Amino acid sequence: MNKEWFKFIIVGGINTAHYYAWYVLFYSICLISYLPSHIIATVLSMFGSYFLNVYFTYKERPSWKSFFLFPLTQITNTVVQLICLVVFVKTLHMSPYLAPLATAIVSVPITFFVTRRVIRVSKPI
């Protein structure tokens, strides 16, 4: 495994904690259903994820192109996570508190390669 992969895992851990804090806030405190809570938390955590990946994981300068393409790369991640979330909660009867964490395991490798491709091909801001 290369250094980028390990850095991506570190950033992923930070981003997962950031996402999960938002998710629990909306699901538990605001009493929003788990799917809308997941989507809102994903969008909010995406900003931090972009900058952590650009600066720390891939050691690139941010660019407007990669900034605006980054959310598009997350579509794959979000779709995989939504499918897993529904399967884990509805089919496997996993707790809505644990299911979002389990989905991260499935989506991390996919997101790594898509994110690297987008960030590496963009011009700096």
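**Close-up views of a predicted helical model**

View 1. A polar contact of 3.1 Å joins the side chain of asparagine 53 to the side chain of threonine 57, in a model that is predicted. Asparagine 53 has its place in helix H2, and it counts as buried because its relative accessibility is 2%, which falls under the 20% cut-off for that term. Leaving aside residues up to four places away in sequence, asparagine 53 touches Phe8, Val11, Tyr58, Lys59, Phe70, Thr115 and Ile119. Asparagine 53 and lysine 7 are 46 residues apart in sequence, yet their C-alpha atoms are 8.3 Å apart in space.

**View 2. Helix H1 and what covers it.** Helix H1 runs through residues 3-29, and its 27 residues reach 38 Å from the first C-alpha to the last, close to the 39 Å expected at 1.5 Å a residue. At the start of H1, a side-chain oxygen of asparagine 2 comes to within 3.2 Å of the backbone nitrogen of glutamate 4, and after the helix follows leucine 31, which has a positive phi, near 60°. The buried residues of H1 are Glu4, Trp5, Lys7, Phe8, Val11, Asn15, Tyr19, Tyr23, Phe26 and Tyr27. In an α-helix there are 3.6 residues a turn, so residues three or four places apart point the same way. Among the elements that cover the buried residues of H1 are helix H2 (34-57) and helix H4 (99-120).

**View 3. Helix H2 packed with helix H3.** Two packed helices are described by the angle between their axes and the distance between the axes. For H2 and helix H3 (residues 64-91), the angle is about 140° and the axes are 10 Å apart, and H2 passes H3 in a right-handed crossing. On the H2 side, the residues that make the contact include Tyr34, Leu35, His38, Ile39, Thr42 and Asn53, while those of H3 include Phe67, Phe70, Pro71, Thr78 and Gln81. Sorted by kind, the residues of the contact of H2 with H3 divide into 14 nonpolar, eight polar and one charged.

**View 4. Threonine 42 in helix H2.** Threonine 42 lies in helix H2, and it is called buried because its relative accessible area is 9%, again under the 20% cut-off. When residues up to four places away in sequence are not counted, threonine 42 touches Tyr19, Thr78 and Gln81; of these, Tyr19 is one of the buried residues of H1, whereas Thr78 and Gln81 belong to the H3 side of the contact with H2.

Definitions and conventions
Residues numbered from 1 in each chain as written. Predicted model: local features only at pLDDT ≥ 70, side-chain atom pairs only at ≥ 80, totals over all residues. Heavy atoms only, no water. Helix = DSSP H or I, 4+ residues; strand = E, 2+ residues; numbered from the N terminus. Expected span 1.5 Å × (residues − 1). Buried < 20%, exposed > 50% of the residue type's maximum accessible area, 1.4 Å probe, protein only. Contact = heavy atoms within 4.5 Å. Polar contact = N/O pair within 3.5 Å; in protein donor to acceptor, adjacent residues only side chain to side chain. Axes fitted to C-alpha atoms, helices over the stretch in contact; angles between N-to-C directions. Left-handed = near helix turned anticlockwise from the far one by under 90°. Nonpolar A, V, L, I, M, F, W, Y, C, P; charged D, E, K, R; others polar.
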